[in-house]
Amino acid sequence: MLVIVGALVVIGSVFGGSLMEGGSLHVLMQPVELLIICGAALGSLLIAAPISVIKKLVKQTLGTLSDHSITQAQYVQILLCLYEIIKLGKSNPLSIEPIAENPQNSELFKRYPFVLHDPQMVDFICDTLKMQVTSPMTPFDLEELLDTDISTVHHDDAQGPATVTRIGDAMPGLGIVAAVLGVVITMGKLTEGKEVIGHSVAAALVGTFLGILASYGFMQPLAAKMEANLEQHSKMFHVIKAALIAFAREAPPKACVEFARRSIPMEVRPTFKDIDTRTSSAGKKAA
């Protein structure tokens with residue numbers, strides 16, 4: 001929602017300021033210039049990015065229309081899910097194997113829909129559990145493995161905003177291309193009078209204006225928003241990693257959850273007392 005509000009503020013400020021200065025919106029309405037810039041930008045996107053990246057880019061762009069901030073309640077779900085898994089693994093390591101093999105049908109995961117509905121998160125947890133059951137790794141090796149996984153996922157997801165940033169960087173240049181074409185066309189109108197030449201030059205300069213506005217008013221902020229959403233998602237993986245590393249070090253279940261809780265950003269971090277009470281209740285339900 002804030003993305004739409006921000007875009008409206010940009011449009012209102014720029015075009016409203018132009019009107020206040022005595023300008024005319026009719027001069028700024030140059031659909032041909034817009035077609036040249038947007039068409040060239042779309043063409044360069046098709047050249048630069050494979051179809052998989054374009055699909056991801058479209059999905060992430062649509063995702064900016066909603067708030068992707070992770071709430072405290074959602075982090076609590078992650079902590080309680082980890083607690084139940086670790087507690088079960090402590091009592092009987094083999095009992096977590098069927099859960100890790102088929103999480104979608106697991107009653108444990110069904111109690112935490114926020115975790116279950118994120119395929120990347122489920123795979124991150126379950127693949128680690130399966131590894132530790134079938135071929136246990138040292139905490140040091142496991143940490144390196146999880147860092148590699150997080151880095152790979154983040155790199156793949158970051159291709160979307162990186163592509164938007166590159167296209168945004170090119171927009172001013174494409175605006176200059178449109179302006180140069182306008183000047184070339186103007187040269188053929190030198191015999192048609194001052195008014196025609198003036199209108200043609202103004203239309204050409206609008207190309208540069210639109211390219212710069214599209215880049216710094218829309219594309220660059222959009223890429224920053226996409227990166228912020230990815231950063232929010234990445235934080236959850238670091239929280240899960242902290243608990244799994246503590247589990248590999250054979251820390252008690254509540255200590256593993258405390259490692260994870262301390263990894264949560266302060267503004268949404270649940271209190272120790274709250275998690276202690278909830279894990280005690282979760283332990284009784286699991287029993």
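Lys241 is buried, at 13% relative accessible area; buried means under 20%, exposed over 50% and partly exposed in between (1.4 Å probe, protein chains only). The model is predicted, so local features need pLDDT of at least 70 and side-chain atom pairs pLDDT 80 or more, while totals for chains, interfaces and linings use all residues. Residues are numbered from 1 along each chain as its sequence is written, and side-chain values use heavy atoms, without hydrogens and water.

The side chain of Lys241 forms a salt bridge with Glu143 (3.8 Å, N to O). A salt bridge is a side-chain nitrogen of Lys or Arg within 4 Å of a carboxyl oxygen of Asp or Glu. Glu143 lies in helix H10 (residues 139-157) and Lys241 in helix H12, 98 residues apart. Helices are DSSP runs (H or I, at least four residues), numbered from the N terminus. Glu143 is partly exposed, at 28% relative accessibility. Asp147 joins Glu143 and Lys241 in a network of salt bridges. The count of salt bridges comes to 10.

Another salt bridge pairs Asp276 with Lys254 (2.8 Å, N to O). Asp276 lies in helix H14 (residues 272-286) and Lys254 in helix H13 (residues 253-261), so the pair ties together parts 22 residues apart in sequence. Asp276 is partly exposed at 29%, and Lys254 is partly exposed at 35%.

Glu107 is exposed, at 52%. Lys110 is partly exposed, at 42%.

Key:
Helices (H or I, at least four residues) and strands (E, at least two) are DSSP runs, numbered from the N terminus.
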